[in-house]
Amino acid sequence: MRIRKISVRLPATLLATVLVLVITLTVLWNVVLVHDYNRMKALAGGAAFHTTFIILGSALFLAITVLSTILGIRLMANLRWSQRQANFLASVSHELNSPLSSIKLFTQTLQRAGLSEGDRARFTGKILMDTERLSRIVANIVRAAEVDHRGEDLTVAPTEVDLMEYLRGYVDDARAIHGSDLELGLSGDEACVEIDPLMFRQVLDNLVDNAVRYRVETPARVELRVARDGDWTEIQVVDEGIGVGPDRIERIFERFNRLEDGHPVKGRRGLGIGLSIVRSIVKGHGGTVGARSAGPGKGTTVWIRLPEVRRSEIPA
Amino acid sequence: MSRVLLVEDDDNLAEGLAFNLRNIGYEVETTGSGEAALAATERRSFDLVLLDVMLPGIDGLEVVRRLRKAGNRKPVLMITARNRGDDAIAGLDAGADDYIVKPFDLDEVLARIRGALRREVWARGEAVPNEPGPLVYGAWTIDFPSFVATASDGRVQPLTATEAAMLRLFARRPGEVISRETFLREVWGRTGAIETRTVDNFVRKLRRALEPDPAKPRHIVSVRAAGYKFVP
């Protein structure tokens, strides 16, 4: 799918040209004035007027330079944002169309006579898998719209949850959804947290989806780990995937910031909103989120820190 | 048995399409990227390429462009997403013969594939042995079995099956106005939802290739609100 490129090069070139012109003009203008100033010194009153003129003029030039620089930078930032949004729309179209086409195709295939029981079961499984995929994409788009509408203050309805039990349930679901693409493990300490179970499910879905999408080998080996640290409970999603370079790791939670920008890899398309949603939801829970990676090819660990709920604090 | 190359990076979609194509007797090879598709066509020949536009790496448009540049004239069907009308036109411009819009109907895909394969046979004239020989008009001599147009000054212009099939329809009805719907029915084997811009696109291509001045066509003439007319 092609996106008409919104070029940043033209405004960047124009800005550079304007700056060079302004600076050249300032220098030349000052040379002339200083030259005149020396001659005018002889005339009574002329020099004072000239000094004011030099100061005022230089200030104006400086203001023009600063303003055009700010204008240019803002313009380029906006253009980049438009480009990312255009990419996002193209991705939405693709991400929704692929599972839809697949569901339609397998449904029509099932309607045909002469399929073996094995084929029927396999195709029904594919339809379910694509329906799941579709509903997760829709959930992400809706959540992104909610974040846009309300800022980062998502309405969270937290309840006290036995974290390990919650994660065990999630692991079973995720294994069913990703099938042979995923080998998911769970380890760590028992802990109690206050989360919105439905919303938090989206956090785990997005993190595990990413681990599967950016896998190096099939199945993707992913481990969920829980560790308690003082007043905090940390959940880690550890994968052995393609990893992230140190220059990118800080920015992966930004919206539309995608690892494969410019270098799409088979099956690794997405919308570029998953991790930004993770961050919004975790913030909504009063937690923090971050990632570390030993570098490209060396896997990624995303950690989420949530305030611990002490059982003793909970009224009976 | 016709051999189909299926280029689709969505595993489920590829599996579903390949299953159905094999089920009705096609030999199918699937690849998930543009690079792999080009490599596959260099390794062996395919009777038809079914090609998704949005692919990782080299996209579908570039694949079809490179195939045509390398002299591959086999039918190429593009798969594009709905609401991406630009892609369909860009695909035809790049050298594809037809396009299918996602989410597609299985029956429609199979019909389009059959149509494209039939067109190839029909355009070569193998199915209709009593047709006249090469078509001669202007500076050009069109040899249908080889899909090659040769100019009087020795220039050679290879044609795709679809281009040859259009010329063949023109050649059979010189001076007669042929509607876009007739082209779609006769050349693409399509009825029902009519997308006439496909025809316009191929007329533009033929003019670019064969008219002395494509901007002022002398042989393939537009007839307002009716269609096109061939003036030998």
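Predicted model: local features only at pLDDT ≥ 70, side-chain atom pairs only at ≥ 80, totals over all residues.
Colleague: Which residues touch the most other members of the largest nonpolar core?

Modeller: That core has 43 residues, and Val7(B), Leu50(B), Leu51(B) and Leu77(B) touch the most other members. Another core, of 37 residues, lies apart from it and has Leu204(A), Leu207(A), Val237(A) and Leu271(A) among its residues.

Colleague: Happy with that! On to helix packing: how do I read the angle between H2(B) and H3(B)?

Modeller: Angles under 35 degrees count as roughly parallel. The axes of H2(B), residues 34-43, and H3(B), residues 60-69, cross at roughly 20 degrees and come within 9 Å, so these two helices are roughly parallel to each other. The crossing of H2(B) past H3(B) is right-handed.

Colleague: And which residues meet there?

Modeller: From H2(B), Gly34(B), Ala37(B), Leu38(B) and Thr41(B) meet Gly60(B), Glu62(B), Val63(B), Arg66(B) and Leu67(B) of H3(B). By type, this contact has 4 nonpolar, 3 polar and 2 charged residues.

Colleague: Lastly, how many residues does each chain give to the contact?

Modeller: Chain A gives 20 residues and chain B gives 27. On the chain A side, helix H2 (46-110) and helix H3 (117-150) each supply two or more residues, with H2(A) providing the largest share, 12 residues. That side divides into 6 nonpolar, 9 polar and 5 charged residues.

Technical notes:
Residues numbered from 1 in each chain as written. Chains lettered and ligands numbered in written order. Contact = placed C-beta atoms within 7 Å. Helix = DSSP H or I, 4+ residues; strand = E, 2+ residues; numbered from the N terminus. Nonpolar A, V, L, I, M, F, W, Y, C, P; charged D, E, K, R; others polar. Axes fitted to C-alpha atoms, helices over the stretch in contact; angles between N-to-C directions. Parallel < 35°, antiparallel > 145°, perpendicular 65-115°, else oblique. Left-handed = near helix turned anticlockwise from the far one by under 90°. Core = buried A, V, L, I, M, F, W, Y, C linked by C-beta atoms within 7 Å. Buried ≥ 20, exposed ≤ 12 C-beta atoms within 10 Å, placed from the backbone.
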